[in-house]
Amino acid sequence: MKKIISVLLIVLITISMASCGGNIDNVNILKYPSEVYSDEDISAAIETVLSFFKERFEDCTLTEISYAGDESIEEYKSHAERDNTDEVIVFISSFNTGSSGGASFAPNHTYNHWKWILIRDTVGKWRISDYGLP
């Protein structure tokens, strides 16, 4: 009996954990060329954003994300400098909120032009420095 209860609890916890957070299942990742970053660099940064969104943006669905372009680097290089890192990369995204609004957003709303600013050392992993509307 204890084993059955333990298994049921594990299943319930797994299901509840799977339903928490943001939805990234059908996000449209737009390709944007870069002379600064390789496709692998951009993909790694996008994966960082997707992971963060899935973890923290409850009842929200990420619909689109794209690299903001090489010209955005200059505008946001202060993020890298302030954290003593070497590189900055910026993405623009759109997402929808559900009926609860999740993560303190307006319910049933679409957020466009949501910026994601990531930084890293040339040998490190990308991490989010800042995010939000312009």
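Trainee: In which sense do strand 2 and strand 3 pair, and over how many bridges?
Mentor: In this predicted model, strand 2 covers residues 60–67, and one of the pairings to look at is that of Tyr67, whose bridge partner in strand 3 is Phe91. Taken as a whole, strand 2 and strand 3 pair in the antiparallel sense, and the number of bridges between them is seven.

Trainee: Why is strand 3 described as largely enclosed by the rest of the structure?
Mentor: Strand 3 runs over residues 87–97, and a residue is called buried when its relative accessible area is under 20%. Strand 3 is largely enclosed because, of its 11 residues, the number that are buried is nine.

Trainee: Is the ring pair of Phe105 and Trp114 stacked or edge-to-face?
Mentor: The count of aromatic pairs in the model comes to 22. For Phe105 and Trp114 the ring centres are 5.5 Å apart and the planes stand at 80°, and since planes over 60 degrees apart fall in that class, the pair is edge-to-face.

Trainee: Are Phe105 and Trp114 buried or exposed, and which cluster do ring pairs link them into?
Mentor: Both Phe105 and Trp114 are buried.

Trainee: Where does Leu133 lie, and which residues does Leu133 touch beyond four places away in sequence?
Mentor: Leu133 lies in the segment after strand 5, which covers 127–132, and at 47% relative accessibility Leu133 counts as partly exposed. Although Leu133 and Ile92 are 41 residues apart in sequence, their C-alpha atoms are 9.4 Å apart in space. Leaving out residues up to four places away in sequence, Leu133 touches Tyr111, Asn112, His113 and Trp114.

Trainee: Which element gives the most to the lining of the largest pocket?
Mentor: The largest pocket has a volume of about 190 Å³ and is lined by 13 residues, with Lys31, Asp39, Ile42, Ser43 and Ile46 nearest its centre. By class, this lining has eight nonpolar, two polar and three charged residues. Strand 1 (28–30) and helix 2 (39–56) each supply at least two lining residues, and the element that gives the most, with five residues, is helix 2.

Note on methods:
Residues are numbered from 1 along each chain as its sequence is written. This is a predicted model: local features need pLDDT of at least 70, side-chain atom pairs count only at pLDDT 80 or more; totals for chains, interfaces and linings use all residues. Side-chain values use heavy atoms; hydrogens and water are left out. On a 1 Å grid over the protein atoms alone, a cavity is a set of points where a 1.4 Å probe fits but cannot get out, and a pocket is an open set with protein on both sides within 12 Å along at least five of seven lines; lining residues have an atom within 4 Å of a point. Grid points are joined across faces, edges and corners, and a volume is the space filled by probe spheres set on the points. Ala, Val, Leu, Ile, Met, Phe, Trp, Tyr, Cys and Pro count as nonpolar, Asp, Glu, Lys and Arg as charged, and the others, Gly among them, as polar. Buried means under 20% relative accessible area, exposed over 50%, partly exposed in between (1.4 Å probe, protein chains only). Two strands pair if DSSP finds at least two bridges between them. Contact means heavy atoms within 4.5 Å. Rings of Phe, Tyr and Trp (its six-membered ring) pair if their centres lie within 6.5 Å; planes under 30 degrees apart count as stacked, over 60 as edge-to-face and the rest as tilted.
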